[in-house]
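Reader: I am new to looking at structures, and I would like to learn how to read one feature at a time. Could we go through an example together?

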Amino acid sequence: MQRQRFTWRPWTLRKRIALLTLLLWLGLGSALGLGLDPPRPAWAGEGATTAAAAPGCATTPLFIGLDGRRYLEIRRAPAAQRLDDYVRRANARLLELAQDHTVQPHQLVVQDEPPFSLVGVREPDGRFAPELAVGDRAAACFGVTRQQLALRYRDGMRRAITSYRGSHTLASWSRGTALAALVLGFYILWLRVQGGLNRRLQRHFAERPRFLMQGLGRLGLGGFVAVDQVRQLMQWLRQVAHWSLVLVISYLLIPLLLGFFPPTEAIAEGLRGQIRTVVMGFLGGIVQAIPNLVSIGVILVITVLAIRASQSWFRAVDHGRIRLPGFYQEWALPTARLVGILLGLAGLAAAFPYIPGSGSKVFQGAGLFIGALAALGSSAIASNIISGLMLIYTRAFREGDRVEINGVVGVVQDRALLVTRLQTPRNELVSIPNASVIGASVVNYSFSRREISQPVAIATTITIGYDVPWRQVHALMLAAAGSVAGITDEVAPFVLQTSLNDFHISYELNAFVRHPDTYRQTLSEVLAALQDQFAAADVEILSPGYHAIRNGNRSTVPKNG
């Protein structure tokens, strides 16, 4: 019979995160829960209104205690003593009583000796040694009688001595040492788990960055970032979260360890008080911000749904599934972007009042700074944006069209709100501000073929002398156009005589190209074909450069056509 082998399976990422969360809550609860505020008298704080109204009562009370723990609240010293001196001497005397094991807590009694009620030690032989004196004026600060206040002080002193002696024993130190060792063990275990989780997350983000890209793609943000950028961002966030968590847990560990030993309990109390103040303030802020956060979430959901609905509708218009009279398909995607921006701005404006701290001076200063930047650059930017919108809705050109703008001939690569980019035949990328484009003449070589299904024509002019019959010139030019492959036969080429000059006649050839993308190459081939045709017919192509030197010079027709 084979024995079953048990193999250790490494913890999955989810189990590591669960254990890390459990240890984090345990550490936070221990740091804030163990050694909570020292046991204060049940009557501490009672009669605050009376204390504020009674003359001579301190608005800020002082306390008598041991090891940083407060047991007796003092608002007024007996007779004419100063409150701080009285409390300092009382603290020293209470420490002496706690360290004197011949005095037992039950020996502290109250003895009424008008006009005071005295709290003191009753010796075994019956003698009474007073320690505290409570008068009517001190009791008035708490709204009670002096006998009642004396009894409370007696009970507080008994608790202080009992607690002090219970914590300053060998057993207490041993227990504190054992607990500190246990907490340190858990802390080291947590560091190992946290380190392993951090390394696994590092490998996870390095090997699988596309899972986040898919989420960004569903939100429509995938085109704004690259995989490497997402990987670097996630690794940076991982490091920040890891070291922040290590620092927080390490800081929580300090008051937890200090609270196990009596001499450092006061320091631990102060640290725990600071942590509680920060945590409770943070949680209180979150609780107060929940209604506003819910409102922001609702506005965000409505805005996202509206943007997606508008994009779907305009996408249907772009694909031709929805047709609107007077609204061209090429307007769909630019309009969808504009509507998305407007809806986003409307959602931001609606959600801004609900953002926590939106009315603070920080937000006001940031708004002022952004407004100043917008004012400085708004003139040029607004001009280009408006010009870009006008170019879109005037349908001057679209991406992929062959155009000529300000003497630059090229194919439109990008039609943005601020600039228009053209790729020239030499693969140069020329960026022209939309404000310049809107003020210039735009020649679109692709518009005719796309909109009216007619080819665009190229025109070239040559000059021939009066000695050559014009019909022969027409025939040679038409033959040259017919010999070029880039000239279409959809529309027949034609020749126009545009000018009767002093020494020659100007003839213009108009021929239609098959595709506007070959406009430049086809024009070059037509010019070459004209030279070949006229050279073969022994007809000289004249130019104004020969006007003054024509007498006696040879013809310019090449001998070898």
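Reader: What is the mean pLDDT of the protein, and what share of its residues reach 70 or more?

Author: This is a predicted model, and the general rule is that where pLDDT is low, the predicted coordinates should not be read in detail. Here the mean pLDDT is 77, and 76% of the residues reach 70 or more. Over residues 1-11 the pLDDT stays under 50, and the model has three contacts beyond four places in sequence for them. Residues 31-53 also have a pLDDT below 50, although this stretch has 48 contacts in the model beyond near neighbours in sequence.

Reader: How many helices and strands are there in the protein?

Author: The protein has 15 helices and 14 strands. Of its 561 residues, 34% are buried, and among contacts with a separation of 6 or more, 60% are between residues 24 or more positions apart.

Reader: How is a pair of aromatic rings described, and how many aromatic pairs does the count come to?

Author: A pair of aromatic rings is described by the distance of the centres and the angle of the planes. In this model the count comes to four aromatic pairs. One of them joins Trp313 and Phe314, whose rings lie 5.1 Å centre to centre with 85° between the planes, an edge-to-face arrangement. Trp313 is partly exposed, with a relative accessible area of 36%, whereas Phe314, at 9%, counts as buried.

Reader: Which residues line the largest cavity?

Author: The general idea is that rolling a probe the size of a water molecule over the atoms shows where empty space is left. The count here comes to one cavity of 30 Å³ or more, and the largest cavity has a volume of about 50 Å³. Its lining consists of Ile74, Arg76, Pro78, Tyr86, Leu132, Ala133, Val134, Ala138 and Tyr153. By class, that lining has eight nonpolar, no polar and one charged residues, and strand E5 (residues 128-135) gives the largest share, three residues.

Terms used. Residues numbered from 1 in each chain as written. Predicted model: local features only at pLDDT ≥ 70, side-chain atom pairs only at ≥ 80, totals over all residues. Heavy atoms only, no water. pLDDT = per-residue confidence, 0-100. Contact = heavy atoms within 4.5 Å. Phe/Tyr/Trp six-rings, centres within 6.5 Å; stacked < 30°, edge-to-face > 60°. Buried < 20%, exposed > 50% of the residue type's maximum accessible area, 1.4 Å probe, protein only. 1 Å grid on protein atoms, 1.4 Å probe; cavity = no way out; pocket = protein on both sides within 12 Å on 5 of 7 lines; lining within 4 Å. Points joined across faces, edges and corners; volume = space filled by probe spheres on them. Helix = DSSP H or I, 4+ residues; strand = E, 2+ residues; numbered from the N terminus. Nonpolar A, V, L, I, M, F, W, Y, C, P; charged D, E, K, R; others polar.
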